[in-house]
Every structure is written in C-alpha cells, then in structure tokens.
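Student: I have a new model open on my screen and would like to talk it through. Could you walk me through it?

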Amino acid sequence: MTEGDKVKFRVDRDALAEAVTWTARTLPQRPATAVLAGVRMSAADGVVTLSSFDYEVSATARIEADIAAPGEVLVSGRLLSDICKSLPNKPVDVDLEGAALAITCGAANFSLMSMPLDAYPQLPQMPEQTGTIDAQAFAHAVGQVARASAKDDTLPLLTTIHMGFDGDVVTLMATDRYRLAVRTLEWSPASQVEVSALIKAKTLSDMTKSLTGAGEISLSLATEPGSAKLVGMEVAGRHMTSLLTDGDYPPVAKLFPDTSNIRAVCDREELIAALRRVALVTQRSAPVRLTFNAGGLQLEAGQGEDAQASEHLTCHLQGDDIETAFNPGYLLDGLQALDTTYVRLSFTHATKPVVLTGQEEIGGEDSQDMRYLLMPIRYA
C-alpha cells in the first residue's frame with residue numbers, strides 16, 4: 001500500500017470469513033519477516049482476491065464483491081481471520097484510506113493498520129495443469145500414507161511423500177525407516193505423463209484437506225530442470241502451491257517381498273480394539289508380542305515385574321505358526337490406514353517385515369491399493 005491508495009468494497013460476511021480463514025491457515029507460526037504474517041487483499045473487476053505466501057507455500061481464494069474503489073492492501077492475516085469470524089451476519093464494508101483499513105459490519109467496527117506491500121514477495125504462478133483427481137479420494141489416500149512419514153527433520157527426505165505419476169495411476173509412498181506405506185489410485189492426466197515429485201507430508205496433507213469441498217482437484221506439477229519445482233492444486237476458485245523437495249527418494253519399494261508363505265486374516269476393528277487395550281501396559285515403544293497359530297492370535301505386552309496384559313482373538317492362519325513383536329503405535333497406524341472389514345498380515349519370517357493389506361471377506365482376495373509394511377522388534 002502506498003500513500004493515497006484507496007480500497008473500498010462490500011462483501012457477504014460468510015464468504016469473506018470463509019475465504020480469509022482458509023487463506024490464513026497457511027500462514028507461518030514464526031514468519032521470517034513481519035509481512036509474511038499478512039494476507040493480501042486485491043479488489044478489482046467485481047472480485048476480491050485474498051492470498052498468503054511464506055516463500056514455500058502459497059494460498060489464494062477469490063470471492064465476489066461490490067467494489068467501489070479497486071486496489072490492494074496487506075494486513076495481519078490471523079487478526080483479520082479472527083475479526084471476520086466474529087462479525088455478525090450482515091454485509092461487510094471494507095474501506096482503506098491512508099494506512100488504516102476499516103471493517104464495518106452492522107454495529108461492529110474495526111480498524112487495522114496496513115503493512116508495506118512493496119516488501120511482500122511475488123506469488124508463484126500456477127504451473128500448467130497436469131491432470132485432475134477426485135478430491136475426497138486424494139485426501140483420503142494422502143492421509144493413509146502420511147502417517148508413515150518421519151515427524152522430525154533428521155532426514156528431511158523422509159518427512160516427504162513421494163508422488164509417482166504413470167499414465168492414469170498415482171502412487172503415493174512414505175516411510176520413516178521403520179514402516180512403509182504405499183497407496184495407488186487413479187487420476188485423469190491431461191496428457192501421457194511419467195513423473196515423480198517429493199512434497200512435505202504435512203504440507204500435502206494440509207493442502208488436500210483444505211481443498212476437499214468440490215468433486216475434483218486440478219493438479220499441476222512443474223518439475224523441469226532450471227525452473228522452480230512446484231506442485232499446484234486448484235478447485236472452486238481456490239488454489240495452493242508448494243515448493244517440491246529436492247533429492248532422490250530411497251528405493252524402499254523393493255522392501256515388499258515377492259511372495260509370502262504365512263498369512264493371517266483378522267477382523268480389523270477387533271484387532272485395533274484389542275491392541276489398544278493390551279498396549280496400555282507398555283512404556284514408550286515397548287513391543288506388543290503377537291503369536292499366530294491354529295487356535296487364533298494371542299496378544300501379549302509387559303513382562304517380569306511390570307504390568308502385563310494379554311488377549312486372544314479369532315484369526316485365520318495359512319502357513320506355519322509364527323511369533324513376532326511390533327511397536328504398538330506403528331501397528332495401530334497401519335491398521336487404521338486400512339478401511340476394510342478384515343486385515344491380512346503377510347509374513348515371510350518372524351524377523352522379517354510384515355505387510356498389511358485389506359480385504360472384505362475372510363476367504364477373499366486382498367486389495368493391493370493400500371499396502372503397509374512394518375519392521376518387527378526383537379525382544380528377549
């Protein structure tokens with residue numbers, strides 16, 4: 001904003017509150033500079049555009065408005081969001097003269113000091129559309145794999161989700177070295193494409209969750225050498241972009257065994273409930289022991305003079321008896337990532353990883369759309 005600028009428009013209260021709240025949700029908690037905590041409002045041609053950007057993630061929303069004076073202004077995003085959510089259900093008048101932005105709604109009046117627009121970074125351009133994907137299905141798939149990503153920055157590559165695009169199939173993959181989640185789903189590419197990209201798991205989760213209001217997400221990727229590597233998503237007048245992470249994702253897909261000679265099928269919800277109960281006596285990442293045999297599944301936790309727990313479940317086993325142990329939190333994550341009635345646990349050996357897949361019937365085939373591989377824990 002420069003001296004003499006004037007912005008004036010009237011807008012629907014709910015539309016403004018929703019757009020401001022959505023845009024402000026990407027603002028950094030501790031911005032590198034003060035202006036990065038701002039939301040930029042631009043009014044022109046009957047549309048108010050709200051945007052935020054922290055040099056990594058950008059968000060833009062457009063809403064219709066009655067504009068008396070076009071222009072743009074930058075104000076504190078979180079304060080603007082709090083104000084808009086508290087306004088009464090009446091039209092909102094926004095008026096800028098000089099350095100103060102007046103917000104009037106019924107008998108409520110607020111005045112915000114504007115921030116210097118010339119110090120605000122230029123938002124990145126949306127890459128060319130790569131294809132479209134069902135919003136709800138994509139958000140669900142991201143949620144399924146994101147739980148397997150690393151939560152600290154010790155190995156930055158492992159905090160990302162690997163997205164692989166091959167024809168009309170998208171493969172999402174995440175790992176923290178102890179478990180590996182892989183999810184495949186269909187999408188509609190704009191043209192034949194074979195490309196991969198890395199994006200921070202938290203960023204991708206936030207983007208997909210906030211863009212699930214409509215049927216399809218327009219997905220854009222820019223991965224060409226020499227240019228900014230970006231992923232962009234757009235739906236219903238809103239779009240977000242994020243920088244992609246550089247690096248070569250480890251070749252973890254080869255960890256999945258070609259075959260398994262031991263398979264156990266359990267009721268997924270029953271196993272989740274039993275695992276939660278037995279895990280109550282564990283401390284930190286102490287393992288829960290699982291014994292599979294013809295009589296079913298025995299879960300045990302705790303030992304010696306510590307608290308102990310055990311529970312027996314019905315389980316259908318094919319192959320030899322097997323006894324193993326897992327981090328209960330990681331095993332719960334894998335079970336909750338599935339959304340089928342039954343879970344199949346496929347083993348090659350007690351000391352080798354187990355692969356969790358879902359199936360709808362005891363004797364049915366398992367689905368390969370979602371696979372969760374988990375490393376066992378050695379125990380005395």
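Tutor: Gladly! Let us start with a definition: a residue counts as buried if its relative accessible area is under 20%, and as exposed if that area is over 50%. Keep in mind that this is a predicted model.

Student: Is Phe 165 buried or exposed?

Tutor: The cut-off for buried is under 20% relative accessible area. Phe 165 has a value of 1%, so Phe 165 is buried.

Student: What kind of pair do the rings of Phe 165 and Trp 187 form?

Tutor: Trp 187 also counts as buried, at 5% relative accessibility. The ring centres of Phe 165 and Trp 187 lie 4.9 Å apart. Planes under 30 degrees apart would count as stacked and those over 60 as edge-to-face. The planes here are at 55°, so the pair is tilted.

Student: How many residues apart are the two partners in the chain?

Tutor: Phe 165 belongs to strand 11 (residues 160–166). Trp 187 sits in the loop between strand 13 (179–186) and strand 14 (188–189).

Student: Which ring does the charged end of Arg 371 sit over?

Tutor: There are two charge-over-ring cases to look at here. The charged end of Arg 179 sits over the ring of Tyr 330, 4.0 Å from the ring centre. For Arg 371, the distance from the charged end to the ring centre is 4.0 Å, and the ring is that of Phe 256.

Student: Is His 140 buried or partly exposed?

Tutor: His 140 lies in helix 3 (residues 135–146). Buried would need a relative accessible area under 20%, and exposed one over 50%. His 140 has 38%, so the residue is partly exposed.

Definitions and conventions: Residues numbered from 1 in each chain as written. Predicted model: local features only at pLDDT ≥ 70, side-chain atom pairs only at ≥ 80, totals over all residues. Heavy atoms only, no water. Phe/Tyr/Trp six-rings, centres within 6.5 Å; stacked < 30°, edge-to-face > 60°. Helix = DSSP H or I, 4+ residues; strand = E, 2+ residues; numbered from the N terminus. Buried < 20%, exposed > 50% of the residue type's maximum accessible area, 1.4 Å probe, protein only. Lys NZ or Arg CZ within 6 Å of the ring centre and 35° of its normal.
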